[in-house]
Amino acid sequence: MKYLKSERYMTQRYLDKIMGPNPVKLTEELLQNHAIAPGALVMDLGSGQGLTSVFLAREYGFRVIAADLWSDPTENRRFFSEEGLTDAQILPIHADANALPFAHETFDAVVTTDSYNYFGRDPSYLGKRLLPFIKHGGLLYIAIPGMRRDCHDDLPPELLLSWTPEQMEYMHDAAWWRALIGSTPGICDLSVTEMEGNEEVWNDWLACDNEYAAGDRRAMEAGAGKYLNFLSIVLRRE
């Protein structure tokens, strides 16, 4: 696809803030034909250094809570201010995805890019620790790295050039995620689909001057990408 909204975020200032395959392009693809109203209160869960949060606030007109466990909210707030965004538009919060510090039914929607697979593989997670914070009728949009076909019993050697079997446990195929999430009470309109931009978002990441990107190059240059994909998961709370 053509990432028209993401074009302005391809400068070095923004690329220095990505922590994996290009999250801005993933978010743009995830939100194609989205149903979140302008001005909606949206949690960017696992927001990292805040780049996707800026993207959601500026390009879509959402009021954004940037929730992340590992980034510094003070640094993120400084970045948001430098981008010309106010606290009314975007607010950083230090938060653990397993213990979110909000009242139930706070958010019109939650968007989470390249992070849900770290905490959402617990079958009880969605129903007990995330869904309650979304309003009834509200939406959840997830973009996560996955596998074209689960192959944990016989991992291809290309994958093991950069990642351990334990690290690969964070990735599964569409059928695995559909079965896991589909068993959650209180959801409807579940969609799990393969995203288009796998090669492009990986190329943006591998071109970065970053030790983690350098660590991923060996596997990807050996052809590991043919086993991987990104998945879009969209659902509504009943």
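## Tryptophan 163

In this predicted model, tryptophan 163 sits in the loop between E5 and helix H7 (165-168). Its relative accessible area is 11%, so tryptophan 163 counts as buried, the cut-off being under 20%.

Beyond residues up to four places away in sequence, tryptophan 163 touches Met168, Trp202, Asp216, Ala219, Met220, Ala224 and Leu228. Glycine 215 is 52 residues from tryptophan 163 along the chain, yet their C-alpha atoms are 8.8 Å apart.

## The nonpolar cores

Nonpolar side chains tend to be buried together in soluble globular proteins. Here the largest nonpolar core has 49 residues. Ile36, Trp163 and Leu228 touch the most other members. H3 supplies the largest share of this core, six residues.

What does leucine 228 touch, not counting residues up to four places away in sequence? The list is Gly146, Met147, Arg148, Leu159, Trp163, Met168, Met171, Asn198, Trp202 and Met220. Trp163 is on that list, and Leu228 is among the contacts of tryptophan 163. Met168, Trp202 and Met220 are touched by leucine 228 and also by tryptophan 163.

## H9 against H10

Two packed helices are described by the angle between their axes and the distance between the axes. H9 and helix H10 (residues 211-221) pack at about 130°, and their axes are 9 Å apart. That angle makes H9 oblique to H10.

From H9, the contact uses Trp202, Trp205 and Leu206. From H10, it uses Tyr212, Ala213, Asp216, Arg217 and Met220. By type, the contact residues are six nonpolar, no polar and two charged. Trp202, Asp216 and Met220 from this contact are also touched by tryptophan 163.

## H2 against H3

Helix H2 (residues 23-30) and helix H3 (residues 51-60) have axes that come within 9 Å. They cross at roughly 45°. H2 and H3 are therefore oblique to each other. The crossing is right-handed.

Which residues meet in this contact? H2 brings Pro23, Val24, Thr27 and Glu28. H3 brings Leu51, Thr52, Phe55, Leu56 and Tyr60. Together they divide into six nonpolar, two polar and one charged.

Is H2 mostly covered or mostly open? Mostly covered: eight of its eight residues are buried. They are Pro23, Val24, Lys25, Leu26, Thr27, Glu28, Glu29 and Leu30. The cover over these residues includes H3, E4, strand E5 (134-147), helix H9 (198-206) and strand E7 (228-237).

H3 is largely enclosed by the rest of the structure, because nine of its 10 residues are buried. These are Leu51, Thr52, Ser53, Val54, Phe55, Leu56, Ala57, Glu59 and Tyr60. Leu51, Thr52, Phe55, Leu56 and Tyr60 from this set are the residues that meet H2. After H3 comes glycine 61, with a positive phi near 75°.

## Valine 192

Valine 192 belongs to strand E6 (residues 187-194). With a relative accessible area of 8%, valine 192 is buried.

What is valine 192 in contact with, leaving aside its neighbours within four places in sequence? The partners are Ala174, Arg178, Ser232 and Ile233. Serine 232 is 40 residues away along the chain. The C-alpha atoms of valine 192 and serine 232 are separated by 5.7 Å.

## Positive phi outside glycine

Asparagine 33 is not a glycine, but its phi is positive, about 55°. It lies in the loop between H2 and strand E1 (41-45). Is asparagine 33 buried or exposed? Its relative accessibility is 80%, so asparagine 33 counts as exposed; the threshold is over 50%.

Glutamate 105 also has a positive phi, about 60°, and is not a glycine. Its place is the loop between strand E3 (90-94) and strand E4 (107-113). At a relative accessible area of 39%, glutamate 105 is partly exposed.

Technical notes: Residues are numbered from 1 along each chain as its sequence is written. This is a predicted model: local features need pLDDT of at least 70, side-chain atom pairs count only at pLDDT 80 or more; totals for chains, interfaces and linings use all residues. Side-chain values use heavy atoms; hydrogens and water are left out. Axes are lines fitted to C-alpha atoms, for helices over the stretch in contact, and angles run from 0 to 180 degrees between N-to-C directions. Helices (H or I, at least four residues) and strands (E, at least two) are DSSP runs, numbered from the N terminus. Angles under 35 degrees count as roughly parallel, over 145 as roughly antiparallel, 65 to 115 as roughly perpendicular and the rest as oblique. A crossing is left-handed if the near helix is turned anticlockwise from the far one by less than a right angle, and right-handed if clockwise. Contact means heavy atoms within 4.5 Å. Ala, Val, Leu, Ile, Met, Phe, Trp, Tyr, Cys and Pro count as nonpolar, Asp, Glu, Lys and Arg as charged, and the others, Gly among them, as polar. A nonpolar core is a set of buried Ala, Val, Leu, Ile, Met, Phe, Trp, Tyr and Cys residues joined through side-chain atoms within 4.5 Å. Buried means under 20% relative accessible area, exposed over 50%, partly exposed in between (1.4 Å probe, protein chains only).
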